[in-house]
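This report is written for a reader who is meeting this structure for the first time. Please look over the sequence and the model before reading on.

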Amino acid sequence: MKERLVQLEVFRYNPDTDRQPSYQRYEVSCLEEWVVLDALNKVKETLDPTLNYRWSCHMAVCGSCGMMINGEPRLACHTFLRDYPGVIRIEPLVHFPVERDLITAPDDFMAKLKRVKPYIIRKQKQPLEAGEYKQTPRELLRYRQYAMCINCTLCYAACPEYGLTKHFIGPAAIALAHRYNQDSRDQGRDERQEVIATKEGVWECTFVGACSEVCPVHVDPASALQQVKIASSFDWIKEHLLPGGGK
Amino acid sequence: MSRNPLIREVPPTSWYFRHPRYLRYMSREITSIFIGAYCVLLVFGLAALAGGPEPYAAFIAALQSPLSIAFHVAVFIAALYHATTWFNATQVAMKIQIGEDFLPGSTITGAHYVIWAVLSLVILGFAGVF
């Protein structure tokens, strides 16, 4: 296995002592097959135990290790050192407040996620003896792609609208709302539309498409947002232009 | 220990220089200005037409000036860029499910090009080009 001396330039911020962030350079010997997260772990284990960052699964499932790697929102566990020959600049995800070093505060995203009610809503629950809510493979396919979201918030770091307009509910939360709207077992679309078919919902999106470009699990949030726009436009036409308000 | 998070503001007028994909987005959006300007020109053309043969002849003569031709070339390039970028984006916005599969994105984008070509031929036919 080939070893290489990797240079990392890492964003540092200590909320107890710093007013401004700084960058710290580390040189650490790594195997070429490693990912950026391995390099950070080696720095923490051998050079600087004060370095802070989040990680858990090391396999692009938990969504914890999102950070800016050479200016691009990426999962550190999903970014191979072999693709970065020079100095690797590592910063916390943009558009989020920085708690410490590479750790950001996801509070705003979590609050927005809660608002879109990302769970199955039933107007009338079936009794237990009626059995499970069945679904065909065809019905599953309608939303499966959007169910793959790992809440890593890379799409929020990529979205300039979210960076500029903090009230924007944002890509992942709206994509998850769409996921439940598309689910044949769900009856809660009206409740979610009140949140997402609004100025702070899909109508804040100008279709930059960056969210889909950076999504590590190919959820394609931009697709969900555009579909919500189209469906909401049809709702409006039905309500305002059809006799009887489309009811 | 209390929280003291660092807030990093996004520069409101220069954010699109931060990444090439933002520049591509802005260039797509800026082409709308050219499309809008051409619509204004067409409104002036309609007004000239409504004014009678003389104003309309003057309008047509003005269109043949070098400045007008340069404007038309610029608008044409912008319109091509505008149309192709949006046509390529249609496959993101339209997910057409057929049974247990989705229609390929290239088919959706391709259909838009076909409709564009057909409509262009129809309009050119109305204009008496053929």
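## Model and domains

The model is predicted, and its chain A is divided into domain 1, covering residues 3-104, and domain 2, covering residues 107-246. The C-alpha centres of domain 1 and domain 2 of chain A lie 31 Å apart, and the contact between them takes 14 residues from domain 1 and 13 residues from domain 2.

On the side of domain 1 of chain A that touches domain 2, the elements giving two or more residues are strand 3 and strand 4 of chain A. Strand 4 of chain A gives the most to that side, with four residues. Sorted by class, this side of domain 1 of chain A has eight nonpolar, four polar and two charged residues.

Strands of a sheet pair through backbone hydrogen bonds, in either the parallel or the antiparallel sense. In chain A, five strands form an open sheet in the order 2-1-5-3-4, and the pairing is mixed. Its edge strands are strand 2 (22-31) and strand 4 (72-75) of chain A, each of which pairs on one side only, while the twist from one strand to the next averages 35°.

At one end of this order, strand 3 of chain A, made up of residues 66-69, pairs with strand 4 of chain A in the antiparallel sense over four bridges. Within this part of the sheet, A:Met68 stands opposite A:Pro73, which belongs to strand 4 of chain A.

## A residue in the edge strand

Is A:Leu75 buried or exposed? A:Leu75, which lies in strand 4 of chain A, counts as buried because it has 28 C-beta neighbours inside 10 Å, and the cut-off for a buried residue is 20 or more.

Leaving aside neighbours within four places in sequence, A:Leu75 is in contact with A:Ala60, A:Cys65, A:Gly66, A:Cys152 and A:Pro216. The C-alpha atoms of A:Leu75 and A:Met59 are separated by 9.4 Å, and the two residues are 16 residues apart along the chain.

Note on methods. Residues are numbered from 1 along each chain as its sequence is written. Chains are lettered from A and ligands numbered from 1 in the order in which they are written. This is a predicted model: local features need pLDDT of at least 70, side-chain atom pairs count only at pLDDT 80 or more; totals for chains, interfaces and linings use all residues. Two strands pair if DSSP finds at least two bridges between them. Axes are lines fitted to C-alpha atoms, for helices over the stretch in contact, and angles run from 0 to 180 degrees between N-to-C directions. Domain bounds come from an automatic or database domain assignment. Two residues are in contact if their C-beta atoms, placed from the backbone, lie within 7 Å. Ala, Val, Leu, Ile, Met, Phe, Trp, Tyr, Cys and Pro count as nonpolar, Asp, Glu, Lys and Arg as charged, and the others, Gly among them, as polar. A residue is buried if 20 or more other C-beta atoms lie within 10 Å of its own, exposed if 12 or fewer, and partly exposed in between; C-beta atoms are placed from the backbone.
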